[in-house]
Amino acid sequence: MSKDAVDTAKAASRADATRTPADAGDAGYSKDLKARHVNMIAIGGAIGTGLFLGAGGRLHNAGPALAIAYLVCGIFAFFVVRALGELVLYRPSSGSFVSYAREFLGEKGAYVAGWMYFLNWSTTGIADITAIALYTHYWSLFTDIPQWTLALIALAVVLAVNLISVKIFGEMEFWFAIIKVATLVGFMLIGIFLLATQHEVGGTTPGLSVITDHGGILPHGMMPVVLVMQGVIFAYAALELVGVAAGETAEPEKVVPRAVNSIMWRVGLFYVGSVVLLALLLPGSVYSADQSPFVTVLSKIGVPAAGDVMNLVVLTAAMSSLNSGLYSTGRILRSMAMAGSAPKFTARMNRSQVPYGGILLTCAVCVLGVGLNYLMPSQAFEIVLNVASLGIISTWVIIMICHLVFVRRAKEGLVTRPSFRLPGSPVTEIVTIAFLLAVLGLMWNDPEVGRKTLLLIPVIAALLVGGWFALRRRISKAADQELGELTK
């Protein structure tokens, strides 16, 4: 082969490397997640405590219009996951949107994306272990055990599962999702039967009259519906797990499109369908934030042990969320550590190819949550829930910005878009970003919780800026080393 041919081949390989860069954080993972695992991770991400428990208080405040709020937020959530799905098929990565932010927005974008996602899941983890402790206290057998002790036990169990292997994580999520789906389907069949037979529920005959006789779709006006949007967005958090899980499945090009496309009908059926049924069975004023709306309905028709069954399901949903949080932050932190923007130990993997360093760091923050449960058990859940909402909104906005840049580069011929695409680009991304920022801004109308949450933004921004200046030399050094490897 001539020297010119060799030089041409080297130049072509470097162009390919620039076109589809590798993420150093993707090396070393097993590909043990099967299609059924990824599909159920997608379902599990779409169904959680936000529906099983949170829908009660939201129905009480917003009325039947809550179904519209779930539908609208669900459509935008689908756009986010569809955009992420397209990026995954372009280049599967366990670093997911952090890896894409590094490619399309630079190291600063990846740094912000990663740490805001860590903020989301570490605080969600605190909310989950708090919820698990509260749900466990429901049974008299555990009432004498301090809340912080139950929270610590739950954290230890889920940590052990995550450290064993990704296959065990996948199996655990698979069965958690089966339990949640079976419960929802069972409730919906009961609800449809009650509607069809006009069986009284707590002295009320179910049907459209339940809505029309109690103030209509908007019994308290439009503002309560707007205020619950933040909580509804949080209910959909974890849908982006599909992108992280794709890095550990053997055939992402087959698995991811199917999992992403199924999210839309699941949202329509499980969230919107359940809320419509709940609104047709009982007036919104009957539901409360202290009890699962499903328990409220079942107890009104005298179903034995309805509270026990639903409490077990809600407990499962919280365990599932904690399990997913440790899984995803472990992978995201490893991707960041390889780029120099996270502590070095978070890049370490055990013999089972699990990034235990990042998982342990998330657990350390959750241990602080155990302390929060000890100091202020009644307020712990609400405090961390609102901080987590800032993390998830920023993550979704970054995913859509990455996709905008990706599409622009595709038009310039620098990258190739897969056949599985986000429809309506770039309008879809811009409208979704505007909607998410509007939800964030409208939180100011809630002086009790939303306004206090927004006041945390300057504090978080100051911490991010300080962290960037402390780490920028190390990040630059890591980037130079990676570039050197690519150009060898």
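This is a predicted model: local features need pLDDT of at least 70, side-chain atom pairs count only at pLDDT 80 or more; totals for chains, interfaces and linings use all residues.

**Around Ile 132**

User: How far apart are Ile 132 and Leu 322 in sequence and in space?

Analyst: They are 190 residues apart in sequence, and their C-alpha atoms are 9.6 Å apart in space.

User: Is Ile 132 buried or exposed?

Analyst: Ile 132 is buried, at 5% relative accessible area. The cut-offs are under 20% for buried, over 50% for exposed and partly exposed in between, with a 1.4 Å probe and protein chains only.

User: Which helix is Ile 132 found in?

Analyst: That's helix H7. Helices are DSSP runs of H or I with at least four residues, strands are runs of E with at least two, and both are numbered from the N terminus.

User: How do H7 and H16 cross?

Analyst: The axes of H7 (residues 107-136) and H16 (residues 306-338) come within 9 Å and cross at roughly 155 degrees. Axes are lines fitted to C-alpha atoms, for helices over the stretch in contact, and angles run from 0 to 180 degrees between N-to-C directions. H7 and H16 are therefore roughly antiparallel to each other. The classes are under 35 degrees for roughly parallel, over 145 for roughly antiparallel, 65 to 115 for roughly perpendicular, and oblique for the rest. H7 passes H16 in a left-handed crossing, meaning the near helix is turned anticlockwise from the far one by less than a right angle (clockwise would be right-handed).

User: How many nonpolar, polar and charged residues are in that contact of H7 with H16?

Analyst: By class, there are 17 nonpolar, 10 polar and 1 charged. Nonpolar covers Ala, Val, Leu, Ile, Met, Phe, Trp, Tyr, Cys and Pro; charged covers Asp, Glu, Lys and Arg; the others, Gly among them, are polar.

User: And at what angle do H7 and H8 cross?

Analyst: Roughly 120 degrees, with the axes of H7 and H8 (residues 147-164) coming within 8 Å. H7 and H8 are therefore oblique to each other, and their crossing is right-handed. On the H7 side the contact is made by Ile 129, Thr 130, Ile 132, Ala 133, Leu 134 and Thr 136, and on the H8 side by Gln 147, Leu 150, Ala 151, Ala 154 and Leu 155. Those residues divide into 8 nonpolar, 3 polar and no charged.

User: Zooming out: how many helices and strands does the protein have?

Analyst: It has 21 helices and 0 strands. Of its 488 residues, 57% count as buried.

User: Which residues touch the most other members of the largest nonpolar core?

Analyst: Phe 52, Tyr 70, Trp 115, Ile 233, Tyr 236, Val 297 and Trp 396, out of 155 residues in that core. A nonpolar core is a set of buried Ala, Val, Leu, Ile, Met, Phe, Trp, Tyr and Cys residues joined through side-chain atoms within 4.5 Å. Ile 233, for one, touches partners including Cys 73, Trp 396 and Phe 435.

User: How many residues of helix H6 are buried?

Analyst: 9 of the 10 residues of H6 (residues 96-105) are buried, so this helix is largely enclosed by the rest of the structure. Among the buried ones are Arg 102 and Glu 103. Just after H6, Gly 106 takes a positive phi of about 90 degrees.

User: Which residue has a positive phi although it is not a glycine?

Analyst: Gln 198, at about 55 degrees. Gln 198 is in the loop between H9 (166-197) and H10 (208-212), and at 42% relative accessibility counts as partly exposed.

User: Which peptide bond is cis?

Analyst: The bond from Ser 425 to Pro 426, with omega near 5 degrees. Pro 426 sits in the loop between H18 (380-411) and H19 (427-442). For context, most residues other than glycine have a negative phi, and most peptide bonds are trans.

Notes:
Residues are numbered from 1 along each chain as its sequence is written. Side-chain values use heavy atoms; hydrogens and water are left out. Contact means heavy atoms within 4.5 Å. Lists of a residue's contacts leave out its neighbours within four places in sequence.
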